[in-house]
Amino acid sequence: MSLLVVGLSHRTAPVGVLERAALTGETPNRLLHDAAATATVSEAALLNTCNRIELYADVDKFHAGVAELSLLLAHHSGVDLEELTEHLYVHYEDRAVHHIFSVACGLDSMVVGEGQILGQLRDALARAQDEHTAGRGLNELFQQALRVGKRAHSETGIDKAGQSLVTFGLEQVAAGAGEIAGKRALVVGAGSMSSLAAATLSRAGVGDLLIANRTPERAERLAATLGARTVEFGKVPQALADVDLVVSCTGSAGVVIGAAEVAAAVAARTGAGPLAFLDLAMPRDVDHAVRALPGALLVDLESLSEVESETAAAPGAGDVDAVTRIVADEVAAFGAAQRAARIAPTVVALRAMASEVVGAELARLDSRLPGLDERSRAEMAQTVRRVVDKLLHAPTVRVKQLAAEPGGASYAEALRELFDLDPAAVHAVSGTPVGPQAASAEGSLAGGAAR
């Protein structure tokens, strides 16, 4: 496969751009299908989190693929292409593999080493499988990325400092509003991030825990597992006055908690200290104007990104170096395996051709020596096949070894030329279609977007 990644993240785009580019509702599915339907793309997957939007695709043309995927990201995110291009990064082939492996290990996260990204990668693969946009290539890539991420967490100490974004955010809340233990808390939302927040708050020893969600059944299930209580989603504004801390991550397309509602809650509440909000949603759930309200504290993705540089060195340097080496080794191994796999159809086609030649020659021998007894005929057939096998053994073994090295695809091409193999036979073995595919006009975005 020719892997291409086009995306933007907290490392290349300000929170404001990420917020406007956020993909919600059915938009991710539509983007996936549009990407897979383009002339240059045969497979597509989307990693869509609060901190990154990345399209992974198997493409047959680099420049055209970059142009197509960039246009689709701009169209579905609603951010102007020219503005979006300033924040896009592009990775191709081995660099793309290196990127997804680094992401899986938490090396590219806002909080280095956090493990939540593994679940998000798993969800991205599941979505692509459900929508039938991922084939064998992306399945193998994402499964290997998940294995690499698990290896990094099990073989190094990066997991110890690899807090989830929830833990990181709560630490910032505690720095501004006091210890979490004993506080009255409200979690708005019941998705994966909200569930993680609720569980983290429960372990931190909050005094009272409320769950609110648009779908009451999901709120009730989450509350039941944690011994929490539920509150109707429509009554969240009134519930603000009765809590000390609100964690929100709903996936809503608009603001869920407005500044006026917070101001009213601050005036009515009896609790000591500020009314604290941890907003982990993208786009944001809590009105940005809450930051300026007396008696309120807002920690959101924007403020978390501002302190990222201070926390980036949290994992020990030795652990980061160890994970970096794991990623490098795994990228090399994955690349070698992929290159070796590409030669396999050619080797199989060569052996099939040799078998056909042997069969034809033995049939001709039978016609010329009809009186040959069965024992002699069998011995001669075995001898001919043994000779052909020995002649092919060394070149086929060697070409597999050479094909595993960078640039190894040229050896497969040389083998096809030397033995005049029918391209249709090679493609039949690999299961890929024969013949030229329609190609779109190549764009010039790659040069400006590649980083």
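**Cavities, a parallel sheet and a pocket**

Helix 1 (15–21) and helix 14 (301–306) each supply at least two residues of the lining of the second largest cavity. Helices (H or I, at least four residues) and strands (E, at least two) are DSSP runs, numbered from the N terminus. On a 1 Å grid over the protein atoms alone, a cavity is a set of points where a 1.4 Å probe fits but cannot get out, whereas a pocket is an open set with protein on both sides within 12 Å along at least five of seven lines; lining residues have an atom within 4 Å of a point. The model is predicted, so local features need pLDDT of at least 70 and side-chain atom pairs count only at pLDDT 80 or more, while totals for chains, interfaces and linings use all residues. Residues are numbered from 1 along each chain as its sequence is written, and side-chain values use heavy atoms, with hydrogens and water left out.

The second largest cavity holds about 40 Å³ of space. A volume here is the space filled by probe spheres set on the grid points, which are joined across faces, edges and corners. The lining of this cavity consists of Val15, Glu19, Asp279, Ala281, Met282, Pro283, Arg284, Asp300, Leu301 and Glu302. These residues divide into five nonpolar, no polar and five charged. In this classification, Ala, Val, Leu, Ile, Met, Phe, Trp, Tyr, Cys and Pro count as nonpolar, Asp, Glu, Lys and Arg as charged, and the others, Gly among them, as polar.

In total, the structure holds two cavities of 30 Å³ or more. The largest has a volume of about 130 Å³; of the 15 residues that line it, Asn51, Ser109, Glu114, Gln120 and Leu165 are the closest to its centre. Helix 6 (residues 116–130) gives the largest share of this lining, three residues. By class, the lining of the largest cavity has six nonpolar, six polar and three charged residues.

Helix 6 also takes part in a pocket. The second largest pocket contains about 1,000 Å³ of space and is lined by 37 residues, of which Asn48, Arg127, Ser192, Cys249 and Gly251 lie nearest its centre. Two or more residues of this lining come from each of strand 2 (41–48), strand 3 (52–59), helix 6 and helix 10, and the largest share, six residues, belongs to helix 6. The pocket lining has 16 nonpolar, 16 polar and five charged residues.

Attention now turns to the sheet. The chain has 20 helices and ten strands, and six of the strands form an open sheet in the order 7-6-5-8-9-10, with parallel pairing. Strand 7 (229–230) and strand 10 (296–300) stand at the edges, each with a single partner strand, so one side of each is left without a neighbour in the sheet. Two strands count as paired if DSSP finds at least two bridges between them.

Leu275 stands opposite Ala296 in strand 10. Strand 10 is mostly covered, with four of its five residues buried. Buried means under 20% relative accessible area, exposed over 50%, and partly exposed in between (1.4 Å probe, protein chains only).

Helices lie across these strands. Helix 10 (residues 192–204) lies across strand 5 (184–188), strand 6 and strand 8 (245–248), and runs at about 165° to strand 5. Helix 13 (residues 259–268) lies across strand 9 (275–279) and strand 10, at about 150° to strand 9. Axes are lines fitted to C-alpha atoms, for helices over the stretch in contact, and angles run from 0 to 180 degrees between N-to-C directions.

Not counting residues up to four places away in sequence, Asp208 touches Lys183, Arg184, Ala185 and Arg229, where contact means heavy atoms within 4.5 Å.

Elsewhere, helix 5 (residues 94–104) is mostly covered, eight of its eleven residues being buried; His99 and Phe101 are among them. Gly106, whose phi is positive, near 85°, follows this helix. Over the chain of 451 residues, buried residues make up 49%.
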